[in-house]
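Subject: Structure handover

Hello,

Here is the structure for your files. My notes on it follow below.

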Amino acid sequence: MDFQQISKVAAELLTTFGLKVVGAILLWLIGQKLIEFGVKLLKRAFRSQNLEPTLISYLLNIIDITLKVILVVAILGFFGVETTSFAALLAAVGIAIGAAWGGLLANFAAGAFLIIFQPFKVGDFITVGGVTGTVVEIGLFITSLNTLDNVMTIVGNNKIFADNIQNYSTNPYRRVDLLAQLAHDVDHNQAISLLKARISQIPNVLQNPAPDVEILTFNLAGSVLAVRPYCNNAHYWQVYFDTNKVIRETFGEANYPVPEQRYTVNSLSQNQGHDVIPNPSELG
């Protein structure tokens with residue numbers, strides 16, 4: 001056995017392999033730099049088109065991941081690995097992951113539609129998936145909201161896209177809906193006039209449209225007024241609470257009686273007002 005020949009062949013193989021490893025490392029580093037440079041150029045191009053920041057981030061993430069996968073395939077090809085087989089394997093793995101992570105992919109697809117159609121954006125006050133709050137982030141798979149009691153809540157994009165979406169920030173103003181109970185003896189016209197005058201003086205209540213105060217319904221205690229001022233979304237709760245105070249103060253200053261339910265009970269003595277029907281056994 002010629003150990004010198006074996007050593008020579010081994011050295012040649014190691015040298016060749018080492019050069020390939022060095023070449024693969026260089027390809028990875030150079031490829032990474034080129035990908036980063038390309039992504040930065042695309043980011044500038046997207047920003048110049050005044051696209052939504054969330055959409056830009058979404059597209060750049062997809063492009064970055066796709067280019068890195070292509071780079072890995074190219075490096076494997078440099079080592080002589082059959083890339084066709086690798087691509088088939090990658091596709092098979094993708095199908096398996098898709099089957100296992102169906103819900104995750106559904107959230108991903110829903111996130112894409114949310115970014116494209118833009119039913120809401122970061123900073124909007126919305127109700128989605130049974131959660132009401134301010135949008136903090138629209139991610140690839142989830143959307144983050146801060147609720148009114150300052151709790152960060154995460155909602156899956158698929159649940160959002162499959163359900164109703166209420167965006168309170170889209171329109172310039174919204175209506176506050178409250179009720180005011182009147183006693184039977186109160187003049188409803190006077191009460192309506194007093195409330196309209198006082199509610200119009202509440203800070204941040206809009207004058208156009210003007211506040212609505214009308215009889216909504218009746219119950220055993222008397223008339224029920226619908227009290228509906230309008231305000232900007234940012235002032236909703238301030239106007240809500242101030243309107244409640246105004247209702248209480250206005251009725252108190254007018255000395256309106258406390259509403260109470262009233263019943264009328266009619267009592268009739270036996271046979272009073274009724275014909276007497278004889279017992280059949282007493283007939284003939």
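Ile138 has Thr143 in E3 as its bridge partner. Strand E2 (residues 131-138) and strand E3 (residues 142-147) are paired antiparallel, with five bridges, and a hairpin of three residues links E2 to E3. Two strands are called paired if DSSP finds at least two bridges between them; helices (H or I, at least four residues) and strands (E, at least two) are DSSP runs, numbered from the N terminus.

This is a predicted model, in which local features need pLDDT of at least 70 and side-chain atom pairs count only at pLDDT 80 or more, while totals for chains, interfaces and linings use all residues. Residues are numbered from 1 along each chain as its sequence is written, and side-chain values use heavy atoms, leaving out hydrogens and water.

E3 also pairs with strand E4 (residues 152-156), again antiparallel and over five bridges. Ser144 is opposite Ile154 in E4. The hairpin of E3 and E4 has four residues between the strands, and Asn150 in that hairpin has a positive phi near 60°.

Next, the open sheet. Three strands with antiparallel pairing make up this sheet, in the order E7-E9-E8. Strand E7 (178-181) and strand E8 (212-219) are at the edges with a single partner strand each, so one side of each has no neighbour in the sheet. From one strand to the next the twist averages 30°; axes are lines fitted to C-alpha atoms, for helices over the stretch in contact, and angles run from 0 to 180 degrees between N-to-C directions. Four bridges connect E7 with strand E9 (residues 222-228) in the antiparallel sense, and Leu178 is opposite Val227 in E9.

Two helices belong with this sheet. H6 lies across E7, E8 and E9 and runs at about 140° to E8. H7 packs on the sheet, where it touches E7 and E9, and its direction makes about 10° with that of E7. Contact here means heavy atoms within 4.5 Å.

The axes of helix H6 (residues 188-199) and helix H7 (residues 236-253) come within 10 Å and cross at roughly 135°. The two helices are therefore oblique to each other (under 35 degrees is roughly parallel, over 145 roughly antiparallel, 65 to 115 roughly perpendicular, and the rest oblique). In H6, Ala191, Leu194, Leu195, Arg198 and Ile199 meet residues of H7 that include Val246, Ile247 and Phe251. The residues of this contact are seven nonpolar, two polar and three charged (Ala, Val, Leu, Ile, Met, Phe, Trp, Tyr, Cys and Pro count as nonpolar, Asp, Glu, Lys and Arg as charged, and the others, Gly among them, as polar).

Regards
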